[in-house]
Number of protein chains: 2
Amino acid sequence: MTGLHNSVLQEPREPSIASIDLDIEAPSAAANAVAVEIGLNAAIVSMIADEPQILTVCPAGPRTVKQAPALPFGLFTPLKHRTLEIGLRDWVKGQTGLDLGYVEQLYTFGDRGRHARLGGDSLHVVSIGYLALTRTEDTPLAAGVGWSDWYEHFPWEDWRDGKPPILSQEIEPRLTEWASRPEPPGTPRRPLARMDRLRMSFGLSVPWDDERVLERYEVLYEAGLVAEAARDGRSAAQDWAALPALGRPMMFDHRRILATAMSRLRGKLKYRPLIFELMPETFTLFDLQRVVEAILGSYLHKQNFRRLVENAGLVEPAGGVAARTGGRPARVYRFRRNVLLERPAPGFRVKVHNVARPA
Amino acid sequence: MTGLHNSVLQEPREPSIASIDLDIEAPSAAANAVAVEIGLNAAIVSMIADEPQILTVCPAGPRTVKQAPALPFGLFTPLKHRTLEIGLRDWVKGQTGLDLGYVEQLYTFGDRGRHARLGGDSLHVVSIGYLALTRTEDTPLAAGVGWSDWYEHFPWEDWRDGKPPILSQEIEPRLTEWASRPEPPGTPRRPLARMDRLRMSFGLSVPWDDERVLERYEVLYEAGLVAEAARDGRSAAQDWAALPALGRPMMFDHRRILATAMSRLRGKLKYRPLIFELMPETFTLFDLQRVVEAILGSYLHKQNFRRLVENAGLVEPAGGVAARTGGRPARVYRFRRNVLLERPAPGFRVKVHNVARPA
DNA sequence: TCAAAAGTGTTATCCTTACACCCATGT
DNA sequence: ACATGGGTGTAAGGATAACACTTTTGA
């Protein structure tokens, strides 16, 4: 028996979630019903000013401290909606005013954290996370709905200006300390020790992997270094108020869902032409590069990016040039849809740079 | 607006499911409850005699015609089980006697097909599919539980002896006919035409892709060529009894879950060392190759496979040799667990052959 | 004339693929 | 002897990464 369970093998393209769940204590036994409510949650991504944004709502309710934003969410009502995805689209439309285009399911989470329930009751909710991609449209958003830069929630994921200082200054020292402490008694057997997980996910033993967003969030959660962990009753020993917040927290397990969405998007970019769901009809190659870079959180080599895109057959000239600020006008391209029929796995098989912009 | 939604972009590593759902008519409106039952379903894979097998159960109930096998399944009871995965493990243990090792979530399905409900009632069930890998152990299985060769359910997926005849003889002609017919009225807009989907998934315009198991099953389902489609009330126009069965059907949507599991396993093999969950503690390189080949459904080049495995750092000599039938005794290896800490994406980046065994 | 960005060419390197061939054992 | 599978060497080809350099615009 090799003993390789769960989270070790999951990343980067198929994230593990269960690892956190296993540490939460059982709910106080009460009623006997097996019925469960299904929460649908959407991480809706759009590009605004070359930065990836996600749609957030501020649900009404008792405003304890400063309210953390939430993803658009709602309950699945099977009698009203034939399928989960139709229900999701309907909820999002009603809650935000937005019509979703591309939608894909991410993961189904079994527990949202005991202390974070909507009404404080003990009703069980299973939440299904979705990723949606949309172009920023002129659709007016409902009140309380807005866009939120995803790197505000994950500042350690943006390497476009070199390694984020928060990693060396805040995260690495405290995670190293956490990893050097022994596991508390009663912890389920893990396939990897704390230190190994830290080294893998934060690029200490392997190069930093842009796709391991979820793994990193889970480590931070377990170490009690994100606000959600304290809120969920983990890391009671931590003097939470004394610590600087690592990224902006969100309601429920929504930051975990966002981490899942970022992992999926970053991973899938490399073998599916998802990116064009975020692009306007026509664009220049450098427009495209900036969007890819913003999603991946790192800079790419310009000349090689051009060639990659061109001889992967991903785009075709749309005719005409774009007059841009400074510099020679660029040719305008559009997505070449036929690539789907011609190539087995069309995408941006790029090498990331993880240093400040290369020459 | 490029109009690229859903299923086009999903394969091969992140399968789309929603496409089928969209075609099923709404359930007869009845009660008003929003509570939904959560079904947990496990595709449990093991190798027996170098063939991949899945665990099936024959649930008790009215035996109309010959009963199709089911995956082990059960309802999630949140008051008894803290997490979805714990619930799954418990159900499987009770139903089959098996202790699961490696488990990962696949997908959450919103509708199991109206005509295929357990008691015939209209209760809504959301089913969550899981993939589990296990070594065949001496654990005695409960009554009615057994192993089933997965290529019996998907005979067109095994290319180890060249292209399966069922493709040229049965599937391609009928799918071509289906693709040439116009979409029925009322069909939701699809990003790709029938013919394009057929060409992509069945290797007519791109090389056959071993990972697109689910895409292929979905096309067959929509074309009404698998028994489940007729059972679910699709393809009423087909004279079903006159057609030879394309693969052994399963209960509910379990063959769809199995297809998802096969897609995931075949895809993930290439960048995660999942395979070793199916291997004994020690093995020869050829043992390993045969298991990989059985999962992928195609032969690999022997010499290159050896080198790939060795200098990917996936294995290390365990000492000793295996006395085997015919031929020189082979060195015995074991999984090298440290590879997880050293390589970003350790796996079998093999090129499949899709012809009879290469020299 | 300079800055800024577009766009092209070329090489060195690595990895993959394919092929050739030898080794050790049982019958 | 020969069949069978174990195991090694190497060369051709393709993809990638890095670098140098030219072109076209606006200020």
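Of the 19 residues around DNA strand D in this predicted model, those that come nearest are R328(A), Q303(B), R306(B), R307(B) and G327(B). Among the atoms of DNA strand D that come within 4 Å of the protein, sugar and phosphate account for 47%. Sorted by class, the surface near DNA strand D holds 8 charged, 7 polar and 4 nonpolar residues. At least two residues of this surface are supplied by each of α11 (302-311) of chain A, α11 (302-311) of chain B and β9 (330-335) of chain B, and α11(B) gives the most, with 4 residues.

DNA strand C is surrounded by 20 residues, of which Q303(A), R307(A), R331(A), Q303(B) and P329(B) are the closest. For DNA strand C, sugar and phosphate make up 53% of the atoms that come within 4 Å of the protein. The surface near DNA strand C has 8 charged, 8 polar and 4 nonpolar residues. Here α11 and β9 (330-335) of chain A, together with α11 of chain B, each supply at least two residues, and the element that gives the most is α11(A), with 4 residues.

| Side chain | DNA strand and atom | Distance |
|---|---|---|
| N304(A) | D, base nitrogen | 3.0 Å |
| R306(B) | D, phosphate oxygen | 2.9 Å |
| R307(B) | D, base oxygen | 2.7 Å |
| R306(A) | C, phosphate oxygen | 3.0 Å |
| R328(A) | C, base nitrogen | 3.5 Å |
| R307(B) | C, base nitrogen | 3.2 Å |

The strands β7(B) and β9(B) run antiparallel and are joined by 2 bridges, and F283(B) stands opposite Y333(B) in β9(B).

Elsewhere in chain B, how many of the 9 residues of strand β5 (residues 125-133) are buried? The count is 9 of the 9, so the strand is largely enclosed by the rest of the structure. V125(B), S127(B), G129(B), L131(B) and L133(B) point one way from β5(B), while V126(B), I128(B), Y130(B) and A132(B) point the other way, and all of these are buried. Strand β1 (residues 37-48) of chain B runs parallel to β5(B) and is joined to it by 9 bridges, with V45(B) standing opposite L133(B). Strand β4 (residues 102-109) of chain B, by contrast, runs antiparallel to β5(B) and is joined to it by 7 bridges, and in that pairing I128(B) is the bridge partner of T108(B).

Charged side chains also meet one another within the protein. Side chains of opposite charge can pair when their charged atoms come close. Over all chains the count comes to 48 salt bridges. In one of them the side chains of E104(A) and K268(A) meet, at 3.0 Å from N to O. This pair links distant parts of the chain, with E104(A) in strand β4 (residues 102-109) of chain A and K268(A) in helix α9 (residues 254-268) of chain A, 164 residues apart. E104(A) counts as buried at 1% relative accessibility, and K268(A) is buried with a relative accessible area of 1%.

A salt bridge at 3.9 Å, N to O, brings together the side chains of R194(A) and E183(A). Since R194(A) lies in helix α6 (residues 194-201) of chain A and E183(A) in the loop between α5 (165-180) and α6 of chain A, the pair ties together parts that are 11 residues apart in sequence. R194(A) counts as buried at 11% relative accessibility, whereas E183(A) is partly exposed, with a relative accessible area of 33%.

E215(A) forms a salt bridge with R212(A), and their closest N and O atoms are 3.5 Å apart. E215(A) counts as buried at 12% relative accessibility, and R212(A) counts as buried at 1%. In chain A there is also a network of salt bridges that links D50(A), D287(A) and R290(A).

Methods
Residues numbered from 1 in each chain as written. Chains lettered and ligands numbered in written order. Predicted model: local features only at pLDDT ≥ 70, side-chain atom pairs only at ≥ 80, totals over all residues. Heavy atoms only, no water. Buried < 20%, exposed > 50% of the residue type's maximum accessible area, 1.4 Å probe, protein only. Pairing = 2+ DSSP bridges. Near = heavy atom within 4 Å. Polar contact = N/O pair within 3.5 Å; in protein donor to acceptor, adjacent residues only side chain to side chain. Nonpolar A, V, L, I, M, F, W, Y, C, P; charged D, E, K, R; others polar. Salt bridge = Lys/Arg side-chain N within 4 Å of Asp/Glu carboxyl O.
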